[in-house]
Amino acid sequence: MQPPLSSLLNSNPSSLRSSTRSRSGQTGNANGIDEEGEDDEDGDETTQLEKNLEKFRDVLANVEDGIGGEKAGRKRESGFKLLFRTLTHYALGPSGVEIMEAFEGSVVPTVLASLKNSASEQYAACRVIEAIAVVLGGGNDAFFELVEPALKRVVMATGNQAQVRAAGLRAWSLAAFVCSTDFPSTIVLLDLCEAAANERYRGEDSSPLLRAAALDSWSLLATTIEDNDIASEEVRREFIARVNTREEHQKNLTPNFRRDEDRPFCPCCRRRWIATRRS
């Protein structure tokens, strides 16, 4: 039975604390820390992680029918943006990787099919491929071999918008950096980045956006080259020349990125994000 309010108000602080402790049945440790409270916090964190993974699973389960079966391009684009946010916020730890692998067979074909649609949808799909590559992690050559041809078409198609081609090149490079163990494929991609970074590419003037993406991608992939190759005089001169022109290209860019999922990753941000997802 709870004591009357008047008796609590008339009690001194020490008796009130002892009374409250005896009623709750909680005991503190030698340092005065409530061990039961710590257990509650750990339980809350575990519950939140389970909720996040469940949300991640629900979104992936809806990709094939929800996005793939949607006829309106605007709704498909919105679905991809939701998928990107889910991949970058809720695909946590080994459990997130397992869930992604379980739905890879339905999600990846749906994303690749959208690379043939509108420019905004193509861009959103490329960002999703970036996120999937990081979630899956290293040693996923099958994923890289599946997405490489489609991303190559996106980059090589001169009729595509420059922002779409740049997003395709970033996704292609990140998938190679994270998932592929095929070094010759990386060399081929490095050569393509060098070509795209020139003033003219595939018979036309290369846009500043594509050139900047090519330089970023080349810088990322160059970290996979042996130190002796990087230290060679020829590569050193070429690298310095390309890095010196990067700021010029970036100054010419005036993209309007309204959301985080629309903002391209620089190589340093990519590495930090990859390290975070692997931890």
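Reply: Happy to. Let's begin with T186, which sits in helix α10 (residues 183-196); helices here are DSSP runs of H or I with at least four residues, strands are E runs of at least two, and both are numbered from the N terminus. The model is predicted, so local features need pLDDT of at least 70 and side-chain atom pairs pLDDT 80 or more, while totals for chains, interfaces and linings use all residues. Residues are numbered from 1 along each chain as its sequence is written, and side-chain values use heavy atoms, without hydrogens and water.

T186 is buried, at a relative accessible area of 7% (buried is under 20%, exposed over 50%, partly exposed in between, with a 1.4 Å probe and protein chains only). Leaving out residues up to four places away in sequence, T186 touches L221 and T224, where contact means heavy atoms within 4.5 Å.

L221 also takes part in the contact between α9 and α11. Helix α9 (residues 162-179) and helix α11 (residues 208-222) pack at about 5°, with axes 8 Å apart; axes are lines fitted to C-alpha atoms over the stretch in contact, and angles run from 0 to 180 degrees between N-to-C directions. That makes α9 roughly parallel to α11 (under 35 degrees; over 145 is roughly antiparallel, 65 to 115 roughly perpendicular, the rest oblique). Contact residues include L169 and F177 of α9 and L210 and L220 of α11.

Finally, R202 lies in the loop between β1 (200-201) and β2 (204-205). R202 has a positive phi of about 55° although it is not a glycine, and is partly exposed, at 45%.
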